[in-house]
Amino acid sequence: MLSEKDFISKAFSSVIENGSIQWSAPSNIALVKYWGKKENQIPANPSISFTLNSCKTITKLAFAQKQNNGTFSFDLLFEGKPKEDFNLKIQKFLERIEIYCPYLKDYHFTIDTENTFPHSSGIASSASGMAALSMNIISLEKELNPEMTDDYFYQKASFLARLGSGSACRSVKGSVVVWGKHNEIEGSSDLFGVEFPSTIHTNFKNYQDTILLVDKGEKQVSSTVGHDLMHNHPFAEQRFAQAHDNLASIKTVLETGNLNEFIKITESEALTLHAMMMTSLPYFILMKPNTLEIINKIWKFRSETKTPICFTLDAGANVHVLYPENVRVEVLQFIAAELVGYCQNGQYICDEIGTGAIKI
Ligand code: PMV
């Protein structure tokens, strides 16, 4: 089993003076949620997610060798313009990964990044953003060390992304990704995401995710604070045990294609995540009235039409509507007729399962 020290880069066999690399990396939506962490971005429980296809970050990394004067040097451009707000986040990320990537101080970087989704959509860009940046960094390392194997390339990319933002480690490779050690998932690790190892039932092929943008504002409580509140949380231990059980159950569901069970686990996980927020101290609520309106409409539509649609939530008010591709037309009609009114400015994004980061 790989340990943290296996991710410290080896001696380099090449000299690279300058160049540029570009990767896109998608967002992901968790089915079994990660909420609570230990030191060093180690998750308190394992999680599993669908990788998205259209919601992604595209990041170009240009690098030029400089004197290693003991400091990081970078310019950050967001949609072509300098974005001061991101500098601190990037600086912290570089500091965290420096021990694994000691070559970082040998270069000046220009990081040019953009998202395919509107930046004030309430969709967290940290997963796709940190994954895209990590893909670029590992590509630079591969240029310095061309013997690197493909397996190591993706494992280390995910390992680095995790240090940027936990869930980002699930945005590197694969359609369904597990992060966190679980007894029944071969190869699973707390250090990086792994592709779900079994064959996935065709019911989940091109599974659809329509993201209803209920509230596009800044979250009142960040994920970092939320994770922290799981320390000394009265239900923490039961919750972490439940996530292990739900992951075992959803593994069978993904193999057998049982959509009713899929719906039960996915919706229960979403509501449990928010229940953890409501029962922490201090407590908080990220759902909005329209989140609940949408959930009730989905339940009514499902019970009346028997269409296998369900919802999940991330750490915010937006609703992800999940459904198989073969009911796409009727679900989109339902969304347009009954749910759009609950979205801010009527906005929603149609996405589906994707495959992970792509070199451009
Ligand atoms: O990766 P973070 O620290 O932003 O946490 C994300 C947590 C959830 O989105 C709520 C759940 C998950 O597993 O993605």
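Visitor: Is Glu79 buried, partly exposed or exposed?

Guide: This is a predicted model, and burial is judged from the relative accessible area, where buried means under 20% and exposed over 50%. Glu79 has a relative accessibility of 39%, so it counts as partly exposed. The residue lies in the loop between β5 (73-78) and β6 (81-82), and its phi is positive, at about 50 degrees, although Glu79 is not a glycine.

Visitor: Where is Gln41, and what is its phi?

Guide: Gln41 is placed in the loop between β2 (37-38) and β3 (42-43), and its phi, near 60 degrees, is again a positive value in a residue other than glycine. With a relative accessible area of 6%, Gln41 is under the 20% limit and therefore buried.

Visitor: Which peptide bond is cis?

Guide: The bond from Leu281 to Pro282 is cis, and its omega is near -5 degrees. Pro282 is found in the loop between α6 (259-278) and α7 (289-305).

Visitor: Let us turn to glycine. Where does Gly180 lie, and what does Gly180 touch?

Guide: Gly180 sits in the loop between β8 (176-179) and β9 (193-195), and its relative accessible area of 0% makes it buried. Leaving aside residues up to four places away in sequence, Gly180 touches Pro43, Pro46, Ser188, Ser189 and Asp190.

Visitor: What kind of pair do Tyr107 and Phe109 form?

Guide: Tyr107 and Phe109 form a tilted pair, with 6.1 Å from centre to centre and 40 degrees between the planes, and both residues are buried. Rings can also be grouped into a cluster, as with Phe7, Tyr100, Tyr152, Phe159 and Phe192, which form one aromatic cluster.

Visitor: Which charged residues lie over a ring?

Guide: Among them is Lys83, whose charged end sits over the ring of Phe86, 5.4 Å from the ring centre. Lys173 lies over the face of Tyr154, at 5.1 Å from the centre of that ring.

Visitor: How do I describe two helices that pack together?

Guide: Two packed helices are described by the angle between their axes and by the distance between those axes. For α1 and helix α3 (residues 150-164), the angle is about 130 degrees and the axes are 9 Å apart, which makes α1 oblique to α3. Their crossing is right-handed, and the contact is made by Phe93, Arg96 and Ile97 of α1 with Leu160, Leu163 and Gly164 of α3.

Visitor: At what angle do α1 and α2 pack, and which residues meet?

Guide: α1 and helix α2 (residues 126-144) pack at about 50 degrees, with their axes 13 Å apart, and α1 is therefore oblique to α2. α1 passes α2 in a right-handed crossing, where Lys89, Ile90, Phe93, Leu94 and Ile97 in α1 meet Ser126, Met130, Leu133, Ser134 and Ile137 in α2.

Visitor: How do α2 and α3 cross?

Guide: The axes of α2 and α3 come within 8 Å and cross at roughly 135 degrees, so these two helices are oblique to each other. The crossing of α2 past α3 is right-handed. Residues of this contact include Met130, Ala131, Ser134 and Ile138 of α2, and Tyr152, Phe153, Ala157 and Leu160 of α3.

Terms used
Residues numbered from 1 in each chain as written. Predicted model: local features only at pLDDT ≥ 70, side-chain atom pairs only at ≥ 80, totals over all residues. Heavy atoms only, no water. Phe/Tyr/Trp six-rings, centres within 6.5 Å; stacked < 30°, edge-to-face > 60°. Buried < 20%, exposed > 50% of the residue type's maximum accessible area, 1.4 Å probe, protein only. Lys NZ or Arg CZ within 6 Å of the ring centre and 35° of its normal. Axes fitted to C-alpha atoms, helices over the stretch in contact; angles between N-to-C directions. Helix = DSSP H or I, 4+ residues; strand = E, 2+ residues; numbered from the N terminus. Parallel < 35°, antiparallel > 145°, perpendicular 65-115°, else oblique. Left-handed = near helix turned anticlockwise from the far one by under 90°. Contact = heavy atoms within 4.5 Å.
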